[in-house]
Amino acid sequence: MERIEKQMQFILEIDKEKQIQRKTLQSNGTDFEDDAQHAWHMAIMTLLLSEHANEEIDVLKTISMLLIHDLVEIDAGDTYAYDSQGLKTQSTREAIAANRIFNLLPEDQAKKMFDLWNEFEERKTAEAKFARVLDNFQPVMLNAATDGRMWVENGVHLEQILKRNEKTHEGSEVLWKYMYEHFIMPNVEKKRIKR
């Protein structure tokens, strides 16, 4: 019973991910997405877009990474992609959160969660590289779908987007090219993204 009690404690704890609001509008242009919606969206995207990975990937492993990578934000909070101050402490805050949240699980499952989370953060495997592509692609897609409103409100510059995506091509040349040509540059031309 102790094992299932730990699993239930973790499962209830991660329900809090639904309360972590992101600074990305949903495609309806009025509601902000939460971390759980973000994770769900990328999991479905992996099923559909994995054929565009530069290398063959383990789809289930990639989906698993995407479903757990932001659980740490339950404690650490969401750090906006272009918040230079927040980014300075993000790694430390998230490591502390991972330690608390994953250790709610039985030891073997906690290790599995840590391993997946660390693999995502290190961005060395084909799965991690592709997961990181989608973690960047999805909010850019939604920003483009909402006429760049959050880019405008946050004064985002093209240089910031390119810096955040400097390794995106390592996971998928196809999706990086698509994102750049269909989401980023049209919003630069419309002056939604500053040059």
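E153 and R149 sit four residues apart in helix α8 (residues 149-153), so about one helical turn separates them. Helices here are DSSP runs of H or I with at least four residues, strands are runs of E with at least two, and both are numbered from the N terminus. The two side chains form a salt bridge, with N and O at 2.9 Å. By salt bridge I mean a side-chain nitrogen of Lys or Arg within 4 Å of a carboxyl oxygen of Asp or Glu. R149 is partly exposed, at 33% relative accessible area. The cut-offs are under 20% for buried, over 50% for exposed and partly exposed in between, with a 1.4 Å probe and protein chains only.

Some housekeeping. This is a predicted model, where local features need pLDDT of at least 70 and side-chain atom pairs count only at pLDDT 80 or more, while totals for chains, interfaces and linings use all residues. Residues are numbered from 1 along each chain as its sequence is written, and side-chain values use heavy atoms, with hydrogens and water left out.

Now the area around R149. What does N143 touch, leaving aside neighbours within four places in sequence? N143 is in contact with G148, R149, M150 and W151, where contact means heavy atoms within 4.5 Å. N143 belongs to helix α7 and is buried, at 7% relative accessibility. In the loop between α7 and α8 we find D147. D147 has a positive phi near 60°, and it is a residue other than glycine. At 34% relative accessibility, D147 is partly exposed.

Back to charges. Side chains of opposite charge can pair when their charged atoms come close. Searching the whole structure gives 17 salt bridges. Another of them joins the side chains of E2 and K6, at 3.6 Å from N to O. These two are four residues apart in helix α1 (residues 2-14), so they too are separated by about one helical turn. E2 is exposed at 58% relative accessible area, while K6 is partly exposed at 30%.

R22 and D78 make a salt bridge as well, with the closest N and O atoms 3.8 Å apart. This one links distant parts of the chain: R22 is in strand β1 (residues 21-25) and D78 is in the loop between α4 (73-76) and α5 (84-102), 56 residues apart. R22 is buried, at 9% relative accessibility, and D78 is partly exposed, at 25%. Both belong to a network of salt bridges that also takes in E33, D35 and D70.

Staying with β1, this strand runs antiparallel to strand β2 (residues 32-34), and two bridges join them. The pairing rule asks for at least two bridges found by DSSP between the strands. L25 has F32 as its bridge partner in β2. The two strands make a hairpin with six residues between them, and G29 in the turn has a positive phi of about 80°.

On to the interior. In soluble globular proteins, nonpolar side chains tend to be buried together. The largest nonpolar core in this model has 48 residues, and F10, F102, L134 and I184 have the most contacts inside it. The core is defined as a set of buried Ala, Val, Leu, Ile, Met, Phe, Trp, Tyr and Cys residues joined through side-chain atoms within 4.5 Å. Which helix gives the largest share of this core? That is α7, with nine residues. Not counting residues up to four places away in sequence, F102 touches several residues, including F10, I68, F114 and W117.

A53 is worth a look on screen. A53 lies in the loop between α2 and α3 and is buried, at 14% relative accessible area. A53 and S172 are 119 residues apart in sequence, yet their C-alpha atoms are 4.7 Å apart. Outside four places in sequence, A53 is in contact with F130, G171 and S172.

Last, the surface and the end of the chain. M1, I4, M8 and I11 form a nonpolar surface patch with about 420 Å² of accessible area together. Patches take residues with over 30% relative accessible area and no salt bridge, joining like charges within 9 Å and nonpolar side chains (Val, Leu, Ile, Met, Phe, Trp, Tyr) within 5 Å. Accessible areas come from the Shrake-Rupley method with a 1.4 Å probe, and for residues only the protein chains shown count as cover. I4, in helix α1, is partly exposed at 39%. K191, in the segment after α10, has a positive phi of about 65° although it is not a glycine. K191 is exposed, at 69% relative accessible area.
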